Every structure is written in C-alpha cells, then in structure tokens.
Amino acid sequence: MTKSMNSTTDKNFIESRRSFLKGTAYSVAGATLATGVFKTVADTPASAETKFTPTPSTLAFYPPLEEWDSFTELDGNDWKRGGTSRNGVQSEENPDGIKATEYMLVPTACSNCEASCGLTAWVDLSTYKAGGQLAVRKYMGNPLHAGSRGRNCAKGYATQSQMYDPDRIPFPLKRAPGSKRGEGKWIRTTWDEAMAEIGKKMHDTLKKGDEISKKSIMYHVGRPNENGFGHRVPHSLGVDGYDSHTNICSAGARQGTIQWTNDDRNSPDWANAKLIFLQSSHAADAGHYFQQAAGRIADARKKGAKLVVMDPRLSNSAGMADLWVPVWPGTETALYLYLANRILNEKGINGEDLVNHEFVRNWVNWDELMNNREYLALLVEKGYIKSVPAGNSYEDFIEMAKEMYSPYTLDFVAEECRIEKRIVEKLYDMFIDAGARVATYIWRAGPIGHKGGWMIARSAFLPFVLRGAMAGDKGGVGLHHWHVISVNGKGDKATEAGDAPGKVDVWNELAWPPEYPLSSYEMSHILPHLLLDDEWRAKWNSKGLNVPEKLAVWIPRMYNPVWINPDGFRWIEALKREDKIEMSFNLSPTWSETNWFCDYILPTGLAGERHDQHSEATEPKRWLSFRNPALRVALEKMGWKPKDPTRATLEAHIKAGLGEIWEEVEFWANIMVHHVDPDGSLGIRKHWASKEDPSRAVTIAEWYQAAFDHLPNLRAAAKAAYPDSKYPNYEMMRDRGTWLEEANIYKPQERPLKKEGDAYISHGHRYEAHEVEKTEFGTLVVTDHHTGEKQAIGIELDGKVMEGFHTRSKKLEFFSSYFAEWKWPEYAVPIYPTTKEDREKMTHVVTQVHHDFMTKENEFALNTIFRLPYNIHTRSVNSKHLMEISQNHNPIWINTEDAKRLNIKRGDAIKVTITDTVSGLESGYFIAMAVPTEATMPGVLANSHHAGRWKLKNAVEIPGFEHKLGVMGLGAPLYEMTMDGKVGTLKPKEGLDQGMQARRDTWQFKEYNKDLDNIWWDGLSGSWQNAVAASHPDPVAGNHAWHQKVSIEPAGKEDQIGDIWVNYENNMKVYQAWRDKLTRPLAKGDTLRRPKHIKRPAVPLSHKAYSVEITD
Amino acid sequence: MEQMKHDIENRIALYGLVSRLMLIEVNDAFLDTIESDEAMLALFPNYQHWKKRKELGRKELIDQYYNVDFTNLFLMHLVPYESFYTREDQMIESGGDNPVIALYNELDFRVELDRARVVSADHIGVELEFMYMLCTAQKRALEAGDKEGICELFEVQRAFLKEHLLEWAPMFLINAKRESRTPLYHDGAELTLEFLLSDFEYITQMLSDYCTKEMENV
C-alpha cells in the first residue's frame, strides 16, 4: 500500500494503487499534459431572461403543431456558445446574443427512397420579413407521421442540399433547333412554349383516333412515390401508354407473390415478430422501407426478436444479425424448400406437428389441387411425386407434400447453396422457435437477380404458410393492399367529367409483348430493343397483331433509364433515332444521362416542392403522406396570391428565387386543358378541367379535397377541424402532412363479407345474393353476364362468410391453376431441380449465374443489386452531402481466398468481363477496383450498380443566359464516349472536383454552397457496369435478371478504373436469345393477352383490349 | 502543508495525464512526457515492456496501433459519454439540460467543444479535465492559505466524483480495458479506474481529517 511509485521494478500495479500520492513527485510536465478544453468565463454577461429552453428535454422534441406556422428557434451554433443563459437572445441591445429565427414549418414527405417518411420544411420567415429571399433552411422529421415517427435517415435530411444544388436546372430547356440529340446544345424555353409544342404533338397524335395512335404515347415513370396520379395521365388520354421501372426493380418478387396471393407484395409486422428473416439487405440497410422498417426491427429486437440475414454479402444488416446466411446467389429456393421439408417431415420437441394445420387446412387451396387429378398426374410425370394420391383429403395433401419436398435435404442444400450445414440447421431452429411470428419482406436481391428469381419468392412463402406466418397476424406477414392508401389519382369529382375515365380499348405490345403474358409489370427495360427490332415486329404483325413501329411522344418522369437500365448504349441508340421516338421530354428536377438525349427537360420539384399523396405498406396500418411545396404554402399563408391559381406552385417558386420549378399535378392539368385537348373534342379535357370553373384546369385544393374524400376517417376529422373551410380535406393535409386512416390491421381475410339486405358488398360493388354461387371449395363467385367470366367475392369457412384473400380461390394458392393453364404447368407449385440434369430441363427457374456455369478459376457470379444506404439509385447526384459520404464506397468485393488464388490485392484495377450463359455471348468489360474481404462468399463478387455516373460536358452554354448551366457537378465526372452502332466505350477524362472548381462562377445558391471549395472527391471510383450488362428478360416475370456471370483478370496498362467497353450488338442478341429460347409466347388458339384476374397495373383495359387472335 | 502541496501537485499531474489520454489521440509530446518520467512510465507497466515499442518507429506505432485503438474505444465502439450511461434512453445529451454542463455553468466553467472535439461536455476526458481544473484551483487556494476554499473544493470534487464520474466511468473503463488492443490504452484504462477510486478515498479522508480540524491547525 505504501510501496514507492519510484520503484521501476514494481510488478504489481494493483498492489500499488493506493500509493498514487505517496512518496512520488510526478514530473511537472505531467500537469501540462491537460488538453485545456475549459475556459473560465467570469466576464460573460449575466444570464438573460429567455423563453428558450437551451435544450429540449428529449431528443424526440418537435414544436407542437399549433406553433408550426410561427416557431422561433435558436441558431444551431447555440450549443457551442453556451446557450442563451450565457449570451441572451440577439437583439439590437444585445448584438452578441444568440440568433433566433422565426420559421414556418411546412409538412411534406421525403421523396428520396420509397418509404415516404414525414418531413417538415423549415421556411425562414425572419430573413424574408427583413427583405431577404424566402428559403427553406433545413428539413426535419414530421412527428405526426405514423410510419416514420419523426425520424429520418441521411437521405431525408439531404433534401435540403438537393433543393439548393449548385447545378439545379433553373428553367425549362429545349434541344437547340438544328442540333442532334446528344450533341449537348440547349436553349432556354418557357413552360408555356413547351406545353404548346408538346401539347400540339400529343393532340395531333391522338386526333387520328386509330389503334396505333393509342399505342404511340408512353409515360415512363421512375419510382413514382405517389399513389395513382401517374396512372391517370395515360388513362385519361385513352392510351395504353404507361411504362414503369418495376421490371428492373421488384417484378420478380411480385410474380411469386402474385401466384400465392394475387397481391404483388407482402407486408410484414416487424415490430411484433420474434424472428426477423431478411433476404438481402433490404429493410434494415436500405430500400423498402429503410428508416421505418429498421426502426421497427430495432423495436422488435429490443423485445428479444432475433435477426437472420440471408445474403451472399455481409451487409450492414448481416453484420449485426444473430445469424448471417450466405448462400450462392439464385439458389435460395433450395434453402426455402429445405425448411419446408423439415417442417412437413419432422416433429417439434414435444412430438407435435410443426405444420399449422388449422391455418393450412382453412386458408390454402390444397382442395383445388387434390381434386385436379389431371394435374396430379402431371406431378407424377415430372417426377415430383411417385404416384397420384389415392384420396383427395387434407391428410392426403400433407402426405403428398411430405414426399414432394423430401429431396430437399441438408446434404443437398449445403451443396446447392454452398453453405455450411451448421448455419442451415441453426436457421431452421430459429425459424421453428419463432412459431408464427416470423416476419420477412421478399423483395429485391434473389428475386430480381436471376432467371426464375420469381420462384425464390414463390418458394420463400411456403415455409411461412406452413407455419401459419402468412395469416397477416401479429408479428407475421400480411399483404400490401391491406396496408396502403391510393387516392392520388382519384380527384375525379373535382373535374368537369365528375367521374373516372373509361377503360382503354387497345393493348400496347411495346409494354406487354406477346412473349410475356404473365409479366408482372411492363417490359420497360427492353423498350429500345423492341423499337429497334424490325424482325420481331414483322413477325407479330404477320400473326395478326398491330405493333407500333415508333413512339410519337416518350415521356420519362423523374427517370434515367439510359443509366440505370441494362444495355445503356441500346437506349442511347433508340433515343437518338428521331424516326423511332419523335419527341421526348423528361419531367426531371436534375440533369441525367437520359436527359442529355431528350428534346426537353422540364424541371419539376423535389420533396418540398410538389404535391403528392403517397402511402406505403410499412406496417399493419394505413397511413398516408401528403407532399407540399413548402415555399408556396408559406407564401400563401402569409397572404400571397398567385396570378393563376392553377399554376400557383410554379409562380411561388419563381417568386422565391428557386427557379421555374413546377410540379406534375398542375402541369398535367394545364397541358391537358389548354393544349392537348383545348376544344374538348378528344374527350380528354373534361377529365382535367375544373368542375367549379370548366374554363380552367382543376386546382390543387379542388383536386385533393375530392381525392381525400375517399377516406371516411380523414374526411370526418377534417370537417371537425376546419368547419368553415371550403376545402377542409386539403387544408388539414396541407397543415399536417400525414394521416393515419386505420391502425392494427390484422387478418383482414377473416373479416365478414359485408351484407346489406339480400346483397353482398365486395370492393364497393353490390352483388345480389341469388346471383352468388358457392363452389365446391366454398368460394363465392359471381358470373359476368357479358363475358361469362367468374369472379370470386368471398369465401365460406365453417359456415362463416368472409372476405378471404385476393385470389380466385380466396385462399393462398399453393397450386396456381392459372399458371398451369398459361403454359407453365411444371412450375405451378413451389419446386426446384435437385440434379444437374434437372437443372438443364428446368432452366426457367435456375439462375444464369448458377455454379454449374463457373468452370474456370477466374469465373464468378457478380452480385450487382445491393443498394448503398446513402444513395438513391440515380437521384442522389444533386446532394453534396450524399455524394461526399458515398465516395469510394463501391469497389468489387472479392473473397480473400479467391483474391489470394488470383494474386489480386486491395486497390488493384481488374477487368471484369461479362458473358451470358443463355446465349454464350460476351458483352464486354468494365474496369473496377478490387477489395479482398471476408464479407463476400467465395466465388461471388459484389459490386453495387449504383456508382459510375458520367457526363459528356461539364456545363452547357445557354444563349442569352449569363451563366453556363453546370451538369451534375457534385457526382458525375467527365467522360469520353464512342459508339458506332455495334461497340460503345466510355473513358474517364476528368474528375468532378476539377470540373466544379473550374466553373465556380456558375454555382447557384452561393451562400448555401460556399463549402463547395471543400470538394475532395473526384467521383472516379465507379464504373457504369449497367451499360455492359445485356438485358436478361425473365421468361415468366419479365424482369431483368440482374446478376452476371463474369471472368476477371488484372487490368492492362492502358486500362483505368471507370473504363467500359461494350459489344452492344451482342447484347441485342442476348436479349433475343432470352426471349426466343426461354419464353412460351401467345399462340394460335389463345384468346386473351393475359389472365384477366391478375390486375394489370396502371391503365384499366377493356375486355376488347384483353382479347386477341393469333393467326398462323 | 508540504504533504498536501505534494498531494495536490500529484493529483494535478495524474488528472492532467489521464484526461489527455482519454480526450484526444496521443502524439510525440505526450509519449515523450510519460516515457521520460520513470514514475509516470511505471503507471503503464505493460506498455513499459511492450516489445513493439522497440520494433517499430513512433509514427508507425501512432498511425497503426494507438490511433486505431483510440478510434475504436472513443469514437466507434464504446460511448465515452456520461449521459449514455445515465439516461434511460441511452442518448447523448449535448445541451444545457445535461446536469454536468449545468454544474460547469454554475461554477463558471465553459467547455470549448470544438477544441475538445467531442459532442458533449460529459465526455470522460472532459470530466477528468474538470477534476484537473478543480485540483488546480485547490492548489491556488492552498498557496493563498485559504482553508475554507480548499475544503469547499474537496466537497465539490467529492460530489463530482460521487455523483458523476464514479457513477459511470468504471463501467466505461472496464469495457475500455477489455476492448483495448494496445497496452497503452489497456494500462491507461486501468490506471484511470484505480486512480479515481483511490482519489475518492483520499478526498473522503481529507474531508474527515483535515477539514474538520480548526483553522489554526493548518
């Protein structure tokens, strides 16, 4: 205890701990080590009286709603300076005090990913009232939002830097007359000129009134972030002209889900689950529905839930999971069927059955299958079972299922998925332990990566069904349409017509080619291929179809297909052809690779600059967000009035100095009324003209008053809160930005089917009881007198009549009868081949990157489709914050053992060559940086396709405008491009940092962007790999199968990271091979284009449109 | 008196040392200081005999070992803030409602967070430096013969240790010791913990022995 600290022989520090102060004099220098972070402030003025709380008592603090129109907040530097208690509030008498700013909080919703988290735009009133410009100073959360609960991720807060992007497009642009598309020559135009020219072209096209004219306008929508308005645009034009981006996004998962449920996505209850089972990094890392899902998953984990992440890559989620399940990409089906096998064939620890018989017996269409003896015989023929079951009881079904899934053994799954057995066994134990409380969201990753990716989703739900986890109950999995609100396109009552437009009578083969009758969504990723494929068009025209040879108007909306779709050079080729796409305009807030090849760029608003109703199924609730243009709302609340109330958003943005930024709702209403159909002769005008004053377009207040009127609870609350308002629904949503229509939505399939007197009410329709028949399986059906088609409206179970699921049987469909009828009988139940021979026969459900195809030591499966959590596909290039944090984050991940074998070191440039396994053709290569890591499984490379933006000019000169307009200065370096119709190349020329500093005088919003001097990144760490990839249209779901078989080698001396070389002539042949070798097209004798009960998204079509006759 | 002066100077030196170690990355000057003083070096017994110190250059050690460990312990994997340990929601309270900051304010001390490079004034390094400041003040009181001031400062120190540092720092330091990957931070964490405990005993003893005696006995 008194041992001297001077003793250097002291071995036991603990023994000496009491002797710190005894007998030792530490060096005086010791005292000087202190950092000196304290400052005594005796000279500080006495504390000032203030109404401000230095810090809210909780971090979740938000100003109360009643103060949103005027809330004064201390400057952000307050905390560094000691707060008002030391310095007081700034005033004339106290100039050194803390600055206080009066804000108006205008609620809106984030539009960066799809989750639609609530935001509040903080509009600075102090500066405006002092004579300065009206501006948003920051975006924060919206505490009223039931989904996001006031929270946001980095992308939400980045809305601010996107709004004041130094390269924001300030006014409408038009390709300079006399120049070619892609030359980069632009002139300034006005919204009115653009509307007049575009409107005339649309008018002239539609005036012809023939079938082809109704296939000649295409509205091509990137992620919509709204519910139904975009659909109404082509619908009201009477055209089959909607192309979504879904076939490069989620169509694979949707296909598998549709087969089970006739709903196109599932909707988990994360918060109450015992096991969170993620396939991919979606939900917890990024994407559907990142911040909200991650928060609910965290809530569940706090309550003890376990997290499993199945992903060949150790994502952020996998890194913090209880179990990481790395499987060979595309073989996930095998693992799900292994789980099914064990659930069916094993018992629980107490000897009980693991199948939830009550649920399966009642809610799965086993009865339909067991009574279809012909189909059972096919299962025997295919070798799935040995013989047709003798009986047709539920027990017979279970016995048959036991046999059918018994080949999916532990040995098989370990070999097929290239996974350690112990992991699979642990996964099974965790799955069983959670009972029916297992939540998942089957979305991207596997289902969109592979040929037959849809079968991954199809099979994934099987173990969930068997355990009763698909009942839509607490902690399990429900369905999308139960949890979502779609009224954005339903403002019809505010229009002169007063009702929705009628069904469209044509079928557009450019969106729904006859090879893909079951495609989940439009085949938009092969639009340029179809336009340029004369042989294909001639073939189908000779068979009696009327395939358009060109588009009159192509309208991308916030979409950048040139960059984000596969085979980008083919897109450019099509866009350059003015005989194929006669006119094009992009409604887009930013520059993009696609805009470069369009005729007009019309700058529309970002999250706080537009109106949308947006809702997503993020949990068992129905909530909605309402996007507001913050500057417009602030101006209007301060008494400003627009000259033209139908163009208030545009006028407000001009007044506030944001630029000539508009929004789609007002744009479409105006162009339709004044330019597309000015005299009403096309029958379009009345759907957009105001009921109150048919001489003008409908206003925002009118439209949303009518749209929100479809929601009874919202309507009642608005009436109560705004009793004297003409537009209470609109005003309440303008002021709150969000609404929770219904919570705790569990097991809605068990709700009693509504009955009024002698009639059943289903989905708003009335069916007289005497017209309703009951099938042998208990399904209630009605027959359409015109077409003879039967439609299911409910189901009777144990004497109770219930709503049921959305399928034809009103049950979950283990057996998808329509799928069998539509030429794919061998895949009408969840199934997967177990031998190499079977994999060749059943190629439609085997990934193009299966390990069977990897025969050389430098051949790999390339995993391309994980998101970077702070990037938004192609929408982040306008945010300095997101660009900064995402730099250098996208190398090629390669397993350390593979790297060692191939002598690849961290930072090495490698050449990645893509070869298609269906056609055997090579697509070309890209050069990327390798990073060896344990975080990707051996044999699988990972490289997100979200990096590698490019531009061909740093800035463009606009005649008559004083400054050049910068092009994507924060995120896209300068490249050189060559293309000759067969081969395309791209080579980096200059980093973006150089480009930005060289044109400092062109930056807009200079005060906000004064930190751009700090740009340290050159943006040159990624490659445009999407362009190298050929389109791989899945023969069933139609989606692009993203993953690629690649071979790698060290880059050559001349190669640099970012180089690409593409044989896009070969890529055309690859798409054709997938189409011709794999699909089962419509043929003579087919009478319909597609099963009518599978809803075709977007534009409602008539029976005439569905009908088809294929001739020889 | 001399003994007390000696004690206070040692306490100042030790609080200066540990606060510096916990607040920012080490540099040449810091390492020179501890290595040039045998008594101080003895407080880092494992570090003293660590082979790598002889094998590698100072820059390599700092860049590849000490800074990596610092980042892990103070920025990434552990949370060196009192409010994280004391608030139910485990949030870091960076504003005026933080009781530690309220205490600093009351005593006219201000933390320059930008200099400290921390997000809140209840960082372990800042709290240790606060003890250093209190000891320095105590030395001035001693030099002025102000027994009342000395004892008042003992009271403040005792209260600050009892209500703040000892409420949470042991948990952090035990974790830091366990998670550390270099002898420097391993020994540093142990040293800090042991010193805090012994200093609390020392202060308690001084309050009962010294501060209860009559002034003239000083």
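Modeller: Start with pLDDT, the predictor's confidence in each residue, from 0 to 100. Over residues 41-49 of chain A, pLDDT stays under 50, and over residues 1-18 of chain A pLDDT also stays under 50. Chain A averages a pLDDT of 93, and 94% of the residues score at least 70. This is a predicted model, in which local features need pLDDT of at least 70, side-chain atom pairs count only at pLDDT 80 or more, and totals for chains, interfaces and linings use all residues. Residues are numbered from 1 along each chain as its sequence is written, while chains are lettered from A and ligands numbered from 1 in the order in which they are written.

Biologist: What makes a contact, and how many does the model have for residues 1-18 of chain A beyond four places in sequence?

Modeller: Two residues are in contact if their C-beta atoms, placed from the backbone, lie within 7 Å. By that rule the model has 29 such contacts for residues 1-18 of chain A, and eleven for residues 41-49 of chain A. Where pLDDT is low, the predicted coordinates should not be read in detail.

Biologist: Why are E12(A) and E13(A) called paired strands?

Modeller: Strands (E, at least two residues) and helices (H or I, at least four) are DSSP runs, numbered from the N terminus. Two strands pair if DSSP finds at least two bridges between them. Three bridges join strand E12 (residues 306-310) of chain A to E13(A), so they pair, and they run parallel. At one bridge, Met310(A) has Val325(A) in E13(A) as its partner.

Biologist: What makes E13 and E14 of chain A edge strands?

Modeller: The open sheet of chain A has four strands in the order E13-E12-E11-E14, with parallel pairing. Strand E13 (323-325) and strand E14 (438-439) of chain A each pair on one side only. Helix H18 (residues 421-433) of chain A packs on this sheet and touches E11, E12, E13 and E14 of chain A. The direction of H18 makes about 125° with that of E13(A); axes are lines fitted to C-alpha atoms, for helices over the stretch in contact, and angles run from 0 to 180 degrees between N-to-C directions.

Biologist: How do you know that helix H8 of chain A is mostly covered?

Modeller: A residue is buried if 20 or more other C-beta atoms lie within 10 Å of its own, exposed if 12 or fewer, and partly exposed in between, with C-beta atoms placed from the backbone. Nine of the nine residues of H8 (residues 229-237) of chain A are buried, among them Phe229(A), Arg232(A) and Leu237(A). The cover includes helix H7 (191-207) and strand E16 (551-557) of chain A. Just after H8(A), Gly238(A) takes a positive phi of about 75°.

Biologist: Which glycine has a positive phi in the hairpin of E25(A) and E26(A)?

Modeller: Gly778(A), with a phi near 90°, in a hairpin that has four residues between the strands. Two bridges join strand E25 (residues 773-774) to strand E26 (residues 779-783) of chain A, which run antiparallel. Lys774(A) stands opposite Leu780(A) in E26(A).

Biologist: How many residues of domain 2 of chain A are in contact with domain 3 of chain A?

Modeller: 20 residues of domain 2 are in contact with 20 residues of domain 3 of chain A. On the domain 2 side, H14(A) gives the most, with four residues.
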